[in-house]
Amino acid sequence: MQFSDILNIFQGITTLFDSPSHIMIGRIGLILLGGLLVYLGKKGTLEPLLMIPMGLGMVAVNAGVLFMPSQMAETVTRGSLESTVAEYISITTNVEATYTEDGKVIVTGPEAASAAHNLAFLSRPDKKNATNGVDVAYSINGKLFTTGKSAGTAIESSPIGANRQGLESSAPIGQQPRERVELVFTGANGAEAFKQLETMQAGRVQYFADMDKAQSGEMPGNLMIAPLVQQPKELMDMQQITALQPIYTFAFGNSLIACLVFMGIGVLLDVGFLLARPFLSMFIALTCEFGTIITFPIAKALGFSFGEAASIALVGCADGPMVLFASLNLAKHMFVPITVVAYLYLGLAYGGYPYLIRFLVPAKLRAIKLPQRPVVKITAGEKLAFAVAGCGVLCLLFPSAAPLFLSLFLGVAVREAGLKVFTVMIENVFLYGATMFLGLLLGVLCEASTILNPKVVMLLVLGILALLLSGVGGICGGYIAYLVSGRKINPVIGISGVSCVPTTAKVAQKEVSKVNPNSIILPEALGANISGVITSAIITGIYVTLIPILEKL
């Protein structure tokens, strides 16, 4: 037995040293980070229900990398291919496409005319809109046929289609003449159309390079999960190979896991605190959306897409299910780092917000004791009516986020209707089960190649910024309530509108109790906290609804 054979037995070590230096360092770093998350979870610094499975998953997926068998590697490569790139490969199978520096696409080969016809259509930024500002000039074998028409119109009436019989030979493909078709894209979106095709060409090159690597048995991977596989046939194959693929496909592909967690949160919420002080609670919660609103244009200005910017901005609401739901709908290619950052920063909300409160609210104001207020009794029937009305109105306004609203208010309704069997099932099975698998799958998805995306560093900064701005906005809202009430309301209540239930409400009460043990603000803080969950869901619904519209403009 040779030394190389011994290395192949311990492939985790072999793939570690065989990988590029930045991947090797990333894998080692993520293994250590996973161990740290387990420790911080056990210590109670971070949420143990989430961080312990996440940390172990992170350790396992970055340690357990092997050279995938060729058949499995080919399945992963084919299944991970984006639909547009797959269509591009199909179009360019029998032709060569060259992209020049002056913005021309030169298609050569026996089927160049037909391929150019299809590439012009594939290049359109919005295939539903024929007049999309892309003009195409066609030059066939050196002769200019069409210019100045929009892509949609040109495709349907182009000389390529009209002259195909004269351009193509009935001879076998190998004996057909090599046509040369030039496409020049102009108009408002011409540069975008050219760049889109150029990106697909790069994807084509990468696909065949990956296929060569897969067939040679040199492609690294793991037996946990293949998150990028989307093609139905390959997806069914992977579910019989990778251990966690069925759970990932079932729970993450359709945002089900976010809905299960949200249903569990609904069971835990007592909306009576909100209904007892609705105006104060909703006002505070709205001011705490400052970070989720302001971070969006900042992220867009830094080069993130609309969907990525919205998903990152929602980190400011400190509500993991919201971020998970939005990123799966708006930026699925980046949902792993965005969601991991969101859940890691939940610990920062608990550890960092006390310092923000002390910095922005002097001890004299933190010590304010709220005046004696009458006890407002909210019946279970009123809470149930609120759940039904709230669910109906919000689903009517924001149907794209209807699964979230349904899940939240279903949990509330089950609690208030006294359905103890369902309450126990949702809380003990759905909530804790979904939380465990959420943490485990997020950890398993933290491969070095995913986390080392250059955008992740900016994402970390923007996530902190979003949480900071949300906290500042909430405290500003607390100050406004303090002034409007005649200096009777403790401004610290403002921080509790950040919808990390019940963390921020507990943080607010804890900071107040340190300077005045007789000051009880927890009922008001919980009302704002619960309102924060609802306003965060509304902001998520707005983003999920508006972002696809903005991307078409």
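Modeller: Let me begin with Gln509, which is found in helix α27; please bear in mind throughout that the model is a predicted one.

Colleague: Why is Gln509 called buried?

Modeller: Its relative accessible area is 11%, and because the label buried applies under 20%, Gln509 counts as buried. The C-alpha atoms of Gln509 and Ser496 are separated by 9.1 Å, the two residues being 13 apart along the chain.

Colleague: What makes Arg358 and Glu511 a salt bridge?

Modeller: The side chains meet at 2.8 Å, N to O, and a side-chain nitrogen of Arg within 4 Å of a carboxyl oxygen of Glu is what the term requires, so the label applies. The pair links distant parts of the chain, with Arg358 in helix α20 (residues 335–360) and Glu511 in helix α27 (residues 503–515), 153 residues apart.

Colleague: Are the two partners buried or exposed, and how do you know?

Modeller: Glu511 has a relative accessibility of 3% and therefore counts as buried, whereas Arg358, at 35%, counts as partly exposed, because that label covers values between 20% and 50%.

Colleague: What makes you say that Arg358 also lies over the face of Tyr355?

Modeller: Arg358 is placed at 5.0 Å from the ring centre of Tyr355, and the distance part of the rule asks for CZ of Arg within 6 Å, together with a position within 35 degrees of the ring normal. The charged end of Lys300 likewise sits over a ring, that of Phe306, at 4.7 Å from its centre.

Colleague: Which residues are joined with Phe306 by ring pairs?

Modeller: Phe296, Phe306 and Tyr543 are linked into a cluster by such pairs, and a search of the whole structure finds six aromatic pairs.

Colleague: How do you know that the length of helix α26 agrees with expectation?

Modeller: Helix α26 (residues 455–484) has 30 residues, which at 1.5 Å a residue should span 44 Å, and because its end C-alpha atoms are 43 Å apart, the two values agree. Just after α26, Gly486 takes a positive phi of about 75°.

Colleague: What makes the phi of Arg487 worth a remark?

Modeller: Most residues other than glycine have a negative phi, and most peptide bonds are trans. Arg487 is not a glycine, yet its phi is near 65°, a positive value; this residue is in the loop between α26 and α27. Its relative accessible area is 53%, and because exposed means over 50%, that is the label for Arg487. Ala318 has a positive phi too, of about 55°, and lies in the loop between α18 (306–313) and α19 (320–330), but at 4% Ala318 is buried.

Colleague: Which residues does the cis peptide bond join?

Modeller: The bond joins Val501 and Pro502, with omega at about -10°, and Pro502 is placed in the loop between α26 and α27.

Colleague: Which residues form the nonpolar patch on the surface?

Modeller: Phe290, Ile293, Ile294, Ile298, Leu302 and Met458 form it, with about 450 Å² of accessible area together. Helix α17 (residues 290–301) gives the most, with four residues.

Methods: Residues are numbered from 1 along each chain as its sequence is written. This is a predicted model: local features need pLDDT of at least 70, side-chain atom pairs count only at pLDDT 80 or more; totals for chains, interfaces and linings use all residues. Side-chain values use heavy atoms; hydrogens and water are left out. Patches are made of residues with over 30% relative accessible area and no salt bridge: like charges are joined within 9 Å, nonpolar side chains (Val, Leu, Ile, Met, Phe, Trp, Tyr) within 5 Å. Accessible areas come from the Shrake-Rupley method with a 1.4 Å probe; for residues, only the protein chains shown count as cover. Helices (H or I, at least four residues) and strands (E, at least two) are DSSP runs, numbered from the N terminus. The expected span of a helix is 1.5 Å times one less than its number of residues. Rings of Phe, Tyr and Trp (its six-membered ring) pair if their centres lie within 6.5 Å; planes under 30 degrees apart count as stacked, over 60 as edge-to-face and the rest as tilted. Buried means under 20% relative accessible area, exposed over 50%, partly exposed in between (1.4 Å probe, protein chains only).
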